[in-house]
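Here are my notes on the model you sent. Please read them alongside the sequence and coordinates.

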Amino acid sequence: MPPIPEPGDSYFRCLRVPAFFERFYARFLASDPDVPRRFVGIEWREQTQLLRRGLAMLLLVPTGNGAARAALEDVGRRHGPAGLDVPDRLYDCWVASFLATVRECDAHWSDAVEDAWRRTLQDGVAVMQAAALTGPGGSGRTR
Ligand code: HEM
């Protein structure tokens, strides 16, 4: 049996594509009319750094890394009702946009790679959403 693909390997292949994050955000912003207004006035370079950090958390949580999980829970609270108030629908847009961008950028993309990503992203989103319901804006911005 071929080895189970590692989303981390795929991520590092995507990072070698210079416009990876630009392509993701272009797709995500176009995915629902409610997304662009939330990013008005955003400093994109900084936002991309924050997203890189968020992805590191998403990839480390399944390895049992407690610090990554706590950090992701903070990010989740900040996205929750007491903060950015991101609805579930937009998380679905986020995941779909991310998977489509990986498909475009990862030279070794396959259905199995996509499945591995989908599981990791869905588990991470579940951690964020569960934390969002546990209290107010967490310990504040994680940057
Ligand atoms: C798994 C999915 C997501 C991850 C990993 C993620 C990650 C992050 C991180 C790490 C930050 C910075 C957190 C902080 O300042 O404490 C952030 C900010 C933000 N995110 Fe997300 N996010 C996700 C989904 C979404 C979705 C679905 C939306 C909906 C539009 C969204 C909108 C925003 C906005 C508007 C900011 C604030 C930018 C600012 O004010 O500086 N995010 N995100």
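This is a predicted model: local features need pLDDT of at least 70, side-chain atom pairs count only at pLDDT 80 or more; totals for chains, interfaces and linings use all residues.

1. Residues are numbered from 1 along each chain as its sequence is written.

2. The largest nonpolar core has 21 residues, and Met57, Leu58 and Leu72 touch the most other members. Such a core is a set of buried Ala, Val, Leu, Ile, Met, Phe, Trp, Tyr and Cys residues joined through C-beta atoms within 7 Å. Buried means 20 or more other C-beta atoms within 10 Å of the residue's own, exposed 12 or fewer, and partly exposed in between, with C-beta atoms placed from the backbone.

3. At least two residues of this core come from each of α2 (20–30), α3 (44–60), α4 (66–79), α5 (88–105) and α6 (111–132). The most, six residues, come from α6. Helices are DSSP runs (H or I, at least four residues), numbered from the N terminus.

4. Leaving out residues up to four places away in sequence, Leu58 touches Leu72, Thr120, Leu121 and Gly124. Contact here means C-beta atoms, placed from the backbone, within 7 Å.

5. The axes of α4 and α6 lie 7 Å apart, at an angle of about 60°. Their contact includes Leu72 and Gly76 of α4 and Gly124 and Met128 of α6.

6. Asp111 is in α6. Asp111 counts as exposed because it has 9 C-beta neighbours inside 10 Å. Pro5 is 106 residues from Asp111 in sequence, yet their C-alpha atoms are 9.8 Å apart.

Conventions:
Two residues are in contact if their C-beta atoms, placed from the backbone, lie within 7 Å. Axes are lines fitted to C-alpha atoms, for helices over the stretch in contact, and angles run from 0 to 180 degrees between N-to-C directions.
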